[in-house]
Protein chains: 2
Amino acid sequence: MACIVAKFGGTSVADIDRIERAADKIAREVALGNKVAVVVSAMSGVTNQLVQYCNDVTPVHDAREYDAVVSSGEQVTAGLMAIALQKRGIDARSWMGWQVPIKCSEVYGKARIEDIDGSHMLERFEEREVAVLAGFQGVTERGRIATLGRGGSDTTAVALAAALNAERCDIYTDVDGVYTTDPRITKAAKKIDRISYEEMLELASLGAKVLQVRSVEMAYKRDIPIQVLSSFEDQIGSELPGTLVTREEDIMEQEVVNGVAFTKDEAKVTLLNVPDIPGIAAKVFDPLADANVNVDMIVQNISSDGKVTDITFTVPENELDKTLEALNAQEELKEAEIRADKDITKISVVGIGMRSHAGVAQTMFRTLADKGINIQVISTSEIKISVIVAKEYLELAVRSLHTAYGLDG
Amino acid sequence: MACIVAKFGGTSVADIDRIERAADKIAREVALGNKVAVVVSAMSGVTNQLVQYCNDVTPVHDAREYDAVVSSGEQVTAGLMAIALQKRGIDARSWMGWQVPIKCSEVYGKARIEDIDGSHMLERFEEREVAVLAGFQGVTERGRIATLGRGGSDTTAVALAAALNAERCDIYTDVDGVYTTDPRITKAAKKIDRISYEEMLELASLGAKVLQVRSVEMAYKRDIPIQVLSSFEDQIGSELPGTLVTREEDIMEQEVVNGVAFTKDEAKVTLLNVPDIPGIAAKVFDPLADANVNVDMIVQNISSDGKVTDITFTVPENELDKTLEALNAQEELKEAEIRADKDITKISVVGIGMRSHAGVAQTMFRTLADKGINIQVISTSEIKISVIVAKEYLELAVRSLHTAYGLDG
């Protein structure tokens, strides 16, 4: 007997038929003697419709009201899932974020879970009542609904798993696991059976959209294994058919590189002739933080003349205008030349094995050079090497690297 | 300056455009210096869709989960309305039933408001923040969402008006007031400017679907004038363009009969040869109450032989099967003959003036007789006379009575 949290994303609860199929899976887990809590997203399309409504009234709207509106989608699915489980003879009830309560920070639209007071829920969970929790939402200290930002249901699921001391968090989705790279780019991509939290974090933050980054961070911190698996296949989490994200120690065989990730929707910003003085980075990035821009890769090389330097970083493409506006308003940067480029892609290879293997970066640079792909920017971390290249090379670069690192299935 | 509650029904918030128009009306009230609280229904069609979802999973579902699902519709509109008001420079926020809180009984799906703890809301209301309350819902002692039954948003509005000590509750809907009868039956029907609570109660319970009966009861008890007015006309509540439901004393000129009402969806049940013994009525109606059947008109005449008697009553047509099932299961009624008839209509004339005028019933019976309409059952109250006739005479009977009582416009 295990205690499991199972999360179903939007496509997995897209209509009544899919909700029924998801309920069947839960029923099979319960029949195995497992205690199960379910986290649901809104039926696919619903959240987009609700967001559209808000934007139709006015594009600039109160985030608290936006949250009240969009959180309703998960509420509907939670109730329907509870009904579907009861229909199968399973004791079940729905929980809204405020009922648990799932306490959130006051950053409406992008709130963070601060605490789950699971006492009331745990009591009934221990009595084997299946809890069906509306994902993506919580309640603030002021008693208002706050949403966690898109994809927040994954975070809800992991946080709930931690609160319930669950053994595993199954994320049912429309893909059957995490792949070595996007199968739409190369058919040679293959499913990874086990991957470490660290690697998954890098892959998630690098654009492998299977799991929300924050959910992986939380799972890592609380040591909750996450399984990514398909809700469309005839299988359940306890059969371990998907990709298990777990501790490095629990993975027998480590590949040097476990995946090739890429982003399509980033823009590169370069500041030339920035005064090379202490605190200049803060001058650049403070206003971006104030404007809520998610700055990703940052590269600054040494100053050749000791007076001015260049800084390059990437931001989400749709935040580029906001970024340039914020930078242009900075007095200290008025001498700097600001260049922006949307026609780029960031390609990364990720692998824990990198730590103990030499020549991993060299393979990457050689492979790209052989294909005539110019590397614009390089950035590395302990388990990742990222490069920025022109967007037109995306597919070629990914395929070549996938082959070069021996990942082809 | 007045304190007003304004409620907008489903068709009045059917889409973003209509929500905007409703917000315009509120803005005009605020500009007049009024303090306003708004109660909203779900966008029209939404509740039906949500109910359909529940039924699609299984027709017999947990009412608590049903409530969690269907209450989401009002939540969406409340958030959108708050955004629309803010866009007009008005300080506004949405309130869900559980946030106020609006405390409800545990009868999920048909809950009653027991108490509104308006302290938190009142504080902000006094600061002229427009409160936008999701109608139709509250929270039970166990912290679960309960809905008030279809049309419950009217009740929410009146209850809120009482809690805020409002001067008037404006019910914006798709008709411009209460009519002397259904204008689809006779073009001679005319709008009533003022009508007493008692008359409105009779009209509402008799099938004039403009206001939910419970909301009128509550308004009567708490003495909150209700105005029914159109959200589609270019007018606002403070101009008093609709029908004001108020105290008898506040109505200058009383008509003898103020309206002709009718029901189309009732069925008549007659029990013949019922033993004429004490407690027999309880034997008949207890099981119906247990089966949650809404019994309406009940008529029992004296027993001619002192041994057996006949009882006639009406029930909603869609509860007829349930009714017959419950009656057939009663041991004490096994000698009785049970007859059911769906082809009936109940027609009623209502007027406070009846109390002080003779011959009102006579006019009704004479009018129907002149048209050759047979009266099957008669029942009277202080301000109402109801008859049951064959359904085929509905339009003829209503038109004739409308003329006979001098109501034609």
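Predicted model: local features only at pLDDT ≥ 70, side-chain atom pairs only at ≥ 80, totals over all residues.
The same surface serves both copies, since 100% of the contact residues of chain B recur in chain A.

## The interface between chains A and B

On the chain B side, 28 residues are in contact with 28 residues of chain A. Four helices of chain B each supply at least two residues to this side: helix 1, helix 2 (46-57), helix 3 (63-70) and helix 4. Helix 4 of chain B gives the most, with 11 residues.

The side of chain B that touches chain A has 15 nonpolar residues. Nine polar and four charged residues make up the rest of that side.

## Helix 1 against helix 4 in chain B

Helix 1 spans residues 16-31 of chain B, and helix 4 of chain B spans residues 72-87. Their axes come within 9 Å and cross at roughly 55°. Angles of 65 to 115 degrees count as roughly perpendicular and those under 35 as roughly parallel, so helix 1 and helix 4 of chain B are oblique to each other. Their crossing is right-handed.

Eight of the contact residues are nonpolar, none is polar and one is charged.

## Domains of chain A

Chain A is divided into domain 1 (3-251) and domain 2 (254-409). Their C-alpha centres lie 31 Å apart. Between them, 19 residues of domain 1 of chain A are in contact with 20 residues of domain 2 of chain A.

On the domain 1 side, strand 12 (194-196) and helix 7 (197-205) of chain A each supply at least two residues. Helix 7 of chain A gives the most to this side, with four residues. By class, the side of domain 1 of chain A that touches domain 2 of chain A has nine nonpolar, five polar and five charged residues.

Key. Residues numbered from 1 in each chain as written. Chains lettered and ligands numbered in written order. Axes fitted to C-alpha atoms, helices over the stretch in contact; angles between N-to-C directions. Parallel < 35°, antiparallel > 145°, perpendicular 65-115°, else oblique. Left-handed = near helix turned anticlockwise from the far one by under 90°. Nonpolar A, V, L, I, M, F, W, Y, C, P; charged D, E, K, R; others polar. Contact = placed C-beta atoms within 7 Å. Domains from an automatic or database assignment.
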